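Take a moment to look over the chain before reading on.

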Amino acid sequence: MLKTIGSFGVLFSIIIIDAFITFVIEFSLPVKTFGQSLDIQQQPQQKDSSNNNNKVVILTFGNAPKSQYTYAKPILDKYGFNASFFIVCDWIPSDNSDKEEDDENSEDMTWQEIVTLHKEGYDIEAKSFNHKDLTKLSTSDLDFEVGESKMCLADHNINSRVFGTPYGKGWDNSTVIDTIAKYYDFAITGFSNLMYLNCDGWNNDQEEKDYQSNIQTDCRTYFDDGTLTYANRYSIREWSHDSADKKYLDNDQRTFEEFVKVVNSQDNFNNNNNNNENNENNNNENGIIKAIPIIAYHDLDYGERIPGSTDVNLFDAEMKYLYDNAFTVLTMADLGYDENTNQLYIKQLDQ
């Protein structure tokens, strides 16, 4: 139609296009990228009730940025998944703040949003009070960072049993481990593709370059000689999605492929529909879950791609993959510890 309406029509059209671009930028409309290619906007498929695989995964979200409530929660709700959210208490706007507008514009969740997550059944846990490197603190400051974070959640009627160390540091520091053990039942401290429930998986395939421990056969915190073990109930390992985002320079297709590889790496240890009967690396007996991928997320966004953040469409695609492939999605609250055998176990699967 521009051919017939002349220069005025062209000028008018340019004005309209410019106004539309301004509107998109002003209101931050989401940019569909990776998600479109996987058709993640479609409704979830019905699970196949005949699928009896033992695939499990734990989802964690660290530091409580508002994007987790705005973007991650609706997607988790859509697929019926639960997750563990780790809160840095001092980063959350105060309940007593009169600056409601500031709270709304905060990059972090509000206490009201955290309490809403808790009331809706999400698992809320602690990630220190100020997000400091625990290995560089005095004894008193360390105790404050660990203990006060539990107290501040208790002030909101949330009983935290799991602690997440900032930066994944402290697994090899007995002072840090002992302080955490005073207040919590478990802690995530370090990184790995899988967490082995007997804490013995690294003996045969030492994927951690810093592994320099004696061979473990269980999850006791200390060996008989008083040496701190590499992995234990206070040194649970998780896979960092942020690291994958950075590694692949926000190439969502590559990150998605890595995600699929990681969540399925448990097949070498867990018996899933007998797919691994002929796999000599399969250490599973009687379908017992021996290894769990714990997937850790932080910020989510559309298009802008904060360094290390996860694209919302990519996150949706990953959750859809878990749903379509009948993974059981758990939280850190689903883990238990057998004091007699010194082993971790999954409560709901062990009943």
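The side chain of E113 comes within 2.9 Å of the backbone nitrogen of T110. This is a predicted model: local features need pLDDT of at least 70, side-chain atom pairs count only at pLDDT 80 or more, and totals for chains, interfaces and linings use all residues. Residues are numbered from 1 along each chain as its sequence is written, and side-chain values use heavy atoms, with hydrogens and water left out.

E113 sits in helix α5 (residues 111–119); helices are DSSP runs of H or I with at least four residues, strands are E runs of at least two, and both are numbered from the N terminus. E113 is buried, at a relative accessible area of 15%. Buried means under 20% relative accessible area, found with a 1.4 Å probe on protein chains only. Beyond its neighbours within four places in sequence, E113 is in contact (heavy atoms within 4.5 Å) with K66 and Y69.

Now the strands. Strand β2 (residues 84–87) pairs with β3 in the parallel sense, over four bridges; pairing takes at least two DSSP bridges between two strands. F85 has I124 as its bridge partner in β3. From β3 (residues 123–126), D123 and E125 point one way, I124 and A126 the other, and all are buried.

F85 leads on to the core. The largest nonpolar core has 57 residues, and L59, F61, L76, F85, M319 and L322 touch the most other members. Helix α10 (residues 312–324) gives the most to this core, eight residues. Such a core is a set of buried Ala, Val, Leu, Ile, Met, Phe, Trp, Tyr and Cys residues joined through side-chain atoms within 4.5 Å.

Methods: Buried < 20%, exposed > 50% of the residue type's maximum accessible area, 1.4 Å probe, protein only. Polar contact = N/O pair within 3.5 Å; in protein donor to acceptor, adjacent residues only side chain to side chain.
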